Amino acid sequence: MAHPRKYDDSNPAIKRLRELCLALPEVFEKEAWGECTFRVTGGSMFAMTDNNHHNSGHVAVWVKALAMVNEILAGSDPKRFFIPPYMGKRGWVGVRLDHQVKWNELSAILKDGYLMSAPKKFRAGTPASLDAVAASAGPTAKRTSKPARPRKTPGHVRYEI
């Protein structure tokens with residue numbers, strides 16, 4: 001039996017999330033479990049919406065993350081980040097889309113999840129367009145005076161909160 005659709009295509013946060021994810025090479029959207037999922041052709045899923053999924057009480061996105069990143073982010077700001085059920089033990093992080101979204105920061109988290117899921121041939125071609133989409137955030141984005149900046153280190157990105 002198919003799951004009923006849980007997300008609303010007219011939600012500005014879902015629209016912005018979709019723009020960010022689909023700006024990456026070879027990414028496609030597939031509905032699963034009644035939620036939007038974002039996957040890489042020849043790779044795997046790297047992001048999934050959480051629209052009151054299992055009565056969570058929020059609208060969020062779950063993103064594939066490096067080991068312990070979910071704990072670091074959830075510990076740094078538990079109102080915006082959380083460890084999602086099922087996937088959290090595998091390193092995934094939940095980012096709320098209904099509470100003070102920092103789109104540039106989410107862009108960096110999504111890009112990391114993408115890089116973990118994408119086949120090697122796509123990793124080198126990750127466009128700066130994802131950053132451009134995040135930077136052009138319209139009225140749905142809540143900007144701060146000091147956006148989070150990813151710091152590159154060999155093999156991965158660390159987030160400055």
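Okay, let's start with one side chain: Ser117 reaches over to the backbone oxygen of Met45, and the distance there is 3.3 Å. Keep in mind that we're looking at a predicted model.

Where does Ser117 sit? It's found in helix 3, which covers residues 103-117. And is Ser117 buried or exposed? Its relative accessibility is 5%, and since buried means under 20%, Ser117 counts as buried.

If you skip the neighbours within four places in sequence, the residues in contact with Ser117 are Val40, Gly43, Ser44, Met45, Phe46 and Lys64.

Now let's go over to helix 2, residues 69-76. Which of its residues are buried? Those are Val69, Asn70, Leu73 and Ala74. Looking down the axis of helix 2, you'd see these buried residues fall within an arc of 120 degrees, so they line one face of the helix. Here's the background: an α-helix has 3.6 residues a turn, so residues three or four places apart point the same way. On the face of helix 2 turned away from the buried side, you get the exposed residues Ile72 and Gly75.

Last stop, helix 1, residues 12-22, which is where Cys21 lies. Cys21 is buried, because its relative accessible area is 0%.

Methods: Residues are numbered from 1 along each chain as its sequence is written. This is a predicted model: local features need pLDDT of at least 70, side-chain atom pairs count only at pLDDT 80 or more; totals for chains, interfaces and linings use all residues. Side-chain values use heavy atoms; hydrogens and water are left out. Buried means under 20% relative accessible area, exposed over 50%, partly exposed in between (1.4 Å probe, protein chains only). Helices (H or I, at least four residues) and strands (E, at least two) are DSSP runs, numbered from the N terminus. The arc is that of the directions from the helix axis to the C-beta atoms. A polar contact is a pair of N or O atoms within 3.5 Å; within protein, one must be able to donate a hydrogen and the other to accept it, and residues adjacent in sequence count only if both atoms are side-chain atoms. Contact means heavy atoms within 4.5 Å.
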